[in-house]
Number of protein chains: 2
Amino acid sequence: MRTLVPFDPTNPNTRLSSLLSDDERRAFAASMLADVLDAIRRAGGTPTVLATAPLEADVDAPVAVDDRSLSVAVNDALADELPTAVVMADLALATPEAIQRLYDADADVVVAPGRGGGTNALVVRHPEFGVDYHGTSFLDHLAAADAVGASVETVDSFRLAVDVDEPADLLDVLVHGNRGAAGWLRDAGFRVAVVDGTPEVVRD
Amino acid sequence: MRTLVPFDPTNPNTRLSSLLSDDERRAFAASMLADVLDAIRRAGGTPTVLATAPLEADVDAPVAVDDRSLSVAVNDALADELPTAVVMADLALATPEAIQRLYDADADVVVAPGRGGGTNALVVRHPEFGVDYHGTSFLDHLAAADAVGASVETVDSFRLAVDVDEPADLLDVLVHGNRGAAGWLRDAGFRVAVVDGTPEVVRD
């Protein structure tokens, strides 16, 4: 299935700027993107990076550049071809198995929620459905599907629910990740330390 | 399957004390516990509350009081009967379907991770396996299973991964919950507001 992976190569994961320099953020974001593209391919998907600007580094997928807002760019791409999946680039815990569950759900609209009311991954099979990533997009997407008579299924996945955009998320990457992004963090000196019985991320 | 639900009735969810009074925290914790017990029963399980002190309010399950540390109390109970599941009382998003996936996984040790390296739900079928909830318990439980030759399966569930113990978690309860705990929050004046495109919890 064609799978769009929205990606901001210029100023990604701004909420990690307390821990990572600008260059480090870009490098870490690129490593998460590579993991997500790999998981998509292993699940049998065909990824396209939907980037807000041209990429500096090579990636293992075609890149479409669209500097409009995320929702506008995705809806324009949905008009081209269905079914289409949309998977966020910072799902560093995404495994092929989790992506496969997304593809295998056969409703008109399949939604994998992110924490905090967001939508981390979608499959769209209904021509009248459009995305809107503003606000509590998970609820908005359920309502939008209902409004056009599209059937809906949700995918209950921890690995798709964790989008890595806050310092606390790095702990989940270090505990559950075993691919490029987790390796990048370890190479950069990050590790898990247990302080008073509670796991924390520290940097050596 | 016998399912232990560890619960602290006296000082639960301390990290919510910035938002809730002591009485409110106890009432909210009791509403989450009731939701979890209901989800366990609907999934065909047989819940027992493993409480650190006698409960003041009635609950729809037998209560065993054990004031020792969580890991000691659970391991003592595991010695009585296998298989046994252990499901945390603050999994306010847990659905019967998610609990069912836990029961249906047929490894010797089944683990549903929580965010931040924790273990939110377990099934134990191997007599030599013991729990240790200190530190990065998810990784420790995988290692402990390996050490006794027990097969392991993980359950990839957002609904089992969210343990409600921080203010940000209330957002997930309000977005994804449709039972007692979500109703309790709404009755107490909590709702989701979208501020600059980002969902936040506010209290009227």
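**Exercise 1. Helix 1 and helix 7 of chain B**

Task: In this predicted model, find the angle and axis distance at which helix 1 and helix 7 of chain B pack, and classify the pair.

Solution: 
- Step 1. Locate the helices. Helix 1 of chain B covers residues 22-42, and helix 7 of chain B covers residues 180-187.
- Step 2. Read the geometry. The angle is about 155°, and the axes are 7 Å apart.
- Step 3. Apply the cut-off. Angles over 145 degrees count as roughly antiparallel. Helix 1 and helix 7 of chain B are therefore roughly antiparallel to each other.
- Step 4. List the contact. Helix 1 of chain B contributes Ala27(B), Phe28(B), Ser31(B), Met32(B), Ala34(B) and Asp35(B). Helix 7 of chain B contributes Gly180(B), Ala181(B) and Trp184(B).
- Step 5. Sort by class. This contact of helix 1 with helix 7 of chain B holds six nonpolar, two polar and one charged residue.

**Exercise 2. Helix 6 against helix 7 of chain B**

Task: Work out how helix 6 of chain B is oriented to helix 7 of chain B, and which residues meet.

Solution: 
- Step 1. Take the angle. Helix 6 (residues 169-176) and helix 7 of chain B pack at about 110°, with axes 9 Å apart.
- Step 2. Classify. Angles of 65 to 115 degrees count as roughly perpendicular, so helix 6 of chain B is roughly perpendicular to helix 7 of chain B.
- Step 3. Name the partners. Leu170(B), Val173(B) and Leu174(B) of helix 6 meet Ala181(B), Ala182(B) and Leu185(B) of helix 7.
- Step 4. Sort by class. The contact between helix 6 and helix 7 of chain B has six nonpolar residues, no polar and no charged ones.

**Exercise 3. The buried residues of helix 2, chain A**

Task: Identify the buried residues of helix 2 of chain A, and say what they pack against.

Solution: 
- Step 1. Pick them out. In helix 2 (residues 70-80) of chain A, Ala73(A), Val74(A), Ala77(A) and Leu78(A) are buried.
- Step 2. Look down the axis. These buried residues fall within an arc of 135°, so they line one face of helix 2 of chain A.
- Step 3. Find the partners. The buried residues of helix 2 pack against strand 1 (2-7), strand 2 (46-51), strand 4 (84-87) and strand 6 (119-124) of chain A.

**Exercise 4. Backbone exceptions**

Solution: 
- Step 1. Most residues other than glycine have a negative phi, and most peptide bonds are trans.
- Step 2. Check chain A. Pro83(A) sits in the loop between helix 2 and strand 4 of chain A.
- Step 3. Check chain B. Pro83(B) lies in the loop between helix 2 and strand 4 of chain B.
- Step 4. Turn to phi. Asp196(A) is not a glycine, yet its phi is positive, about 50°. Asn13(B), also not a glycine, has a positive phi of about 50°.
- Step 5. Asp196(A) is in the loop between strand 8 and strand 9 of chain A. Asn13(B) is in the loop between strand 1 and helix 1 of chain B.

Definitions and conventions: Residues are numbered from 1 along each chain as its sequence is written. Chains are lettered from A and ligands numbered from 1 in the order in which they are written. This is a predicted model: local features need pLDDT of at least 70, side-chain atom pairs count only at pLDDT 80 or more; totals for chains, interfaces and linings use all residues. A residue is buried if 20 or more other C-beta atoms lie within 10 Å of its own, exposed if 12 or fewer, and partly exposed in between; C-beta atoms are placed from the backbone. Helices (H or I, at least four residues) and strands (E, at least two) are DSSP runs, numbered from the N terminus. The arc is that of the directions from the helix axis to the C-beta atoms. Two residues are in contact if their C-beta atoms, placed from the backbone, lie within 7 Å. Axes are lines fitted to C-alpha atoms, for helices over the stretch in contact, and angles run from 0 to 180 degrees between N-to-C directions. Angles under 35 degrees count as roughly parallel, over 145 as roughly antiparallel, 65 to 115 as roughly perpendicular and the rest as oblique. Ala, Val, Leu, Ile, Met, Phe, Trp, Tyr, Cys and Pro count as nonpolar, Asp, Glu, Lys and Arg as charged, and the others, Gly among them, as polar.
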